[in-house]
Amino acid sequence: MRNPVGISMKKEEIVIRISEKATHDETVQCLLKKIPALKKLYKTEKTPICVTGKILKNREIEEIKKIITDEIDVKVTFDSPKVLGLHGIKKVFEKEVDTSEAKFYKGSLRSGQKIEFEGSLVILGDVNGGAEVIAGENIVVLGVLRGLAHSGAKGNKKAIIATHRIECPQIRIANVVKELEKQELDQEYKFAFIEKDKIIME
């Protein structure tokens, strides 16, 4: 990638913008090359730094923050959400999730249980009513989905939910929420995705 990291100065902050298409390795390598120039600037500058652009995973946020603060004594903020879920989504985006890091959970989830993961989640059982499954990317349930499922929970509208059967009263993908009508619960839906800002079930 030609320039995965751009730096611009504003009155209230210095903005580091990461390209949406940049890999994490490209971002780190480019940032390391730009740190010496940024460090020179901070001999007189005390303006905080805001990292924006690509939505980052929490471990990526921590690594980028460490690269900057190890060299410069400055406050660094990120516009990437550190938490998963509707309240954490600051902006929606579309990123392919055909290949993603996946976490497997063996067994069914009971009421009161909650699993969160920044990649994709695969549940080898049922998700019962009162249980929650929240993933930054896709959710796959090999059993029946009766509890809360929220895929794309950092804002990715390309995420999907796939299950043996959907029996839950509500589906969430990115910032879109669908309440299921009684007649929809009687159908044997297995798949949910976003199309034209609406959740479609098949």
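Rings of Phe, Tyr and Trp (its six-membered ring) are taken as a pair if their centres lie within 6.5 Å; planes under 30 degrees apart count as stacked, over 60 as edge-to-face and the rest as tilted. By this rule, one aromatic pair is counted. The partners are F191 and F193, a tilted pair with 5.6 Å from centre to centre and 40 degrees between the planes. F193 counts as buried (under 20% relative accessible area, with exposed over 50%, partly exposed in between, 1.4 Å probe, protein chains only), because its relative accessibility is 16%. F191, at 29%, counts as partly exposed.

The model is predicted, so local features need pLDDT of at least 70 and side-chain atom pairs count only at pLDDT 80 or more, while totals for chains, interfaces and linings use all residues. Residues are numbered from 1 along each chain as its sequence is written, and side-chain values use heavy atoms, leaving out hydrogens and water.

A charged residue comes next. K54 sits in the loop between β3 (49-53) and α2 (58-69); helices (H or I, at least four residues) and strands (E, at least two) are DSSP runs numbered from the N terminus. K54 is buried yet lacks a salt bridge, that is, a side-chain nitrogen of Lys or Arg within 4 Å of a carboxyl oxygen of Asp or Glu. The nearest side chain of opposite charge, E60, is 4.9 Å away; Lys and Arg count as positive, Asp and Glu as negative, and His and the chain ends are not counted. Beyond its neighbours within four places in sequence, K54 is in contact (heavy atoms within 4.5 Å) with I18, S19, E20, A22, T23, H24 and S80.
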